[in-house]
Amino acid sequence: MEKKFKLGLDLHGVVDARPEFFKALAQMFIDNGHEVHLITGAVLKDELSKIKELGIPYTHFFSITDHHMSMGTNITWDEKGEPHLDTYLWDKTKAEYCKKHDIDLHIDDSDIYSYFFKTPYSRFFSKDSHRIKKTHI
């Protein structure tokens, strides 16, 4: 059997920005024996209902927050329940996961993560993303 292709997808700003496209893409990969890794900052238990609602198939899930909680990293929580930890640690964690798990391509909507990647990294642009500067012509 040929090598499995391992696709990494960010959840917020990528999968949730174009769920029908990424649902079809992920299903195609899985149906052909490949892996789809949902890689996000959010806690898994908080995202399960959203993933189910979007109908996104995946073979693996990785959470920056869950990973750092398991390591005992200092995490603070804001009034919205959002996790915060050292920015440098946060920004490099996806890249480390992708390298460790031999991800062939990761798709994300944040430029900052790409600085840490050795894995091929694709920047996804969605006009609805809060990371896109809105301009009017």
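**Start at strand 1**

Select residues 6-10: five of the five residues of strand 1 are buried, so the strand is largely enclosed by the rest of the structure. Buried here means under 20% relative accessible area, with exposed over 50% and partly exposed in between (1.4 Å probe, protein chains only). Helices (H or I, at least four residues) and strands (E, at least two) are DSSP runs, numbered from the N terminus.

Before going on, note that this is a predicted model, where local features need pLDDT of at least 70 and side-chain atom pairs count only at pLDDT 80 or more, while totals for chains, interfaces and linings use all residues. Residues are numbered from 1 along each chain as its sequence is written, and side-chain values use heavy atoms, with hydrogens and water left out.

Now show the side chains: Lys6, Gly8 and Asp10 point one way from strand 1, Leu7 and Leu9 the other way, and all are buried.

Look for Leu105 in strand 6, standing opposite Leu7. Pairing takes at least two DSSP bridges between two strands.

**On to helix 4**

Select 64-71. Which residues of helix 4 are buried? Ile64, Thr65 and His68 are. Seen down the helix axis, the buried residues fall within an arc of 95 degrees, so they line one face of helix 4; the arc is that of the directions from the axis to the C-beta atoms. Those residues pack against several elements, including strand 2, strand 3 (60-63) and helix 5 (87-100).

Zoom in on the N-terminal end: Ser63 caps helix 4, with a side-chain oxygen 3.2 Å from the backbone nitrogen of Thr65. Just after the helix, Gly72 takes a positive phi of about 80 degrees.

**Last stop: Thr73**

Thr73 sits in the loop between helix 4 and strand 4 (76-77). Its side chain makes a polar contact with that of His68 at 2.9 Å. A polar contact is a pair of N or O atoms within 3.5 Å; within protein, one must be able to donate a hydrogen and the other to accept it, and residues adjacent in sequence count only if both atoms are side-chain atoms. Leaving out residues up to four places away in sequence, Thr73 touches His68, Leu85 and Leu89, where contact means heavy atoms within 4.5 Å.
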